[in-house]
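Have the coordinates open as you read.

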Amino acid sequence: MAAAQGRLSDGAGEMDDANGGDRDESRSAPSAPLPFRTAVEALKGARLRPQIEIDPTPAPKRLAPFAYALEATVVDGEQDLADGRLVLLHDPDGHDAWRGTFRLVTLIRAELEPEMATDPLLPEVCWSWLTGALQARGLGYGEPSGTVTRASSHYFGGLAERPANSQIEIRASWTPREGLGGVPDSAAHLASWCDLLAQVAGLPPAGPGDASVVTLPQRRDPQSR
């Protein structure tokens, strides 16, 4: 198992901005409020299932004064089955839309068998996996929102030899319930997020208690590492 590691950032922004790799170094990590630093330390120490490789990534900007970001890949041998990004946002003054001082934002992507992509219930099922993963660990949360997008690509001309592929993408955010000292159980939320990531990737349940969980079939031709 790998412990989650990373660096603090004093800026936060939209998930699309996070893909740009911006990092604001104008303030050092010790200047962050204690609740935020405590939540980040819990993320760093989280122990995850071995099929999930997790690394720090530059935090986005503009949504909150403080942010911390991680990216993860679900691997099977030399193959990548799914990937995702999780951002912890913190605004000490609170945020009306969040109804709290912390917010978690995520992006998860995985490839699908083409026939799965045509299932009309797929978006609702994927969203239920997100809420179900949080509920399965008994986590309190509020104000969930997000989108589930499916897309198919077909290749022509010089790319005609490539097989058609389909992808599912989950973008979501939620407010974790704050505990003692105004600190959410960020490690448990990370573990829940990894449960969702593994489920989307089509991994078997992590424990005997999860035997009823239905996962997406493994994509037909996982990307080689």
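## Ground rules

Helices (H or I, at least four residues) and strands (E, at least two) are DSSP runs, numbered from the N terminus. The model is predicted, so local features need pLDDT of at least 70 and side-chain atom pairs count only at pLDDT 80 or more, while totals for chains, interfaces and linings use all residues. Residues are numbered from 1 along each chain as its sequence is written, and side-chain values use heavy atoms, with hydrogens and water left out.

## Two helices crossing

Two packed helices are described by the angle between their axes and the distance between the axes. Here, helix H2 (residues 34-44) packs against helix H5 (residues 186-201) at about 45 degrees, and their axes are 7 Å apart. (Axes are lines fitted to C-alpha atoms, for helices over the stretch in contact, and angles run from 0 to 180 degrees between N-to-C directions.) H2 and H5 are therefore oblique to each other; under 35 degrees would be roughly parallel, over 145 roughly antiparallel, 65 to 115 roughly perpendicular, and the rest is oblique.

Who does the touching? On the H2 side there are Ala39, Ala42 and Leu43, and on the H5 side Ser186, Ala187 and Leu190, with contact meaning heavy atoms within 4.5 Å. Sorted by class, that's five nonpolar residues, one polar and no charged ones. (Ala, Val, Leu, Ile, Met, Phe, Trp, Tyr, Cys and Pro count as nonpolar, Asp, Glu, Lys and Arg as charged, and the others, Gly among them, as polar.)

## Back-to-back hairpins

Strands E2 (residues 66-76) and E3 (residues 79-95) pair antiparallel over eleven bridges; to pair, two strands need at least two DSSP bridges between them. Val74 has Ala82 of E3 as its bridge partner. Two residues separate E2 and E3 in their hairpin, and Gly77 in the turn has a positive phi of about 65 degrees.

E3 also pairs with strand E4 (residues 100-112), again antiparallel, over ten bridges. Leu89 stands opposite Arg103 in E4. This hairpin has four residues between its strands, and Arg99 in the turn shows a positive phi of about 60 degrees.

## Two buried loop residues

Leu203 sits in the loop between H5 and strand E7 (223-224). At 9% relative accessibility, Leu203 is buried, a label for anything under 20% relative accessible area, with exposed being over 50% and partly exposed in between (1.4 Å probe, protein chains only). Leu203 and Val75 are 128 residues apart in sequence, yet 9.6 Å apart in space, C-alpha to C-alpha.

Thr57 belongs to the loop between strand E1 (52-56) and E2. Thr57 is buried too, at 8%.
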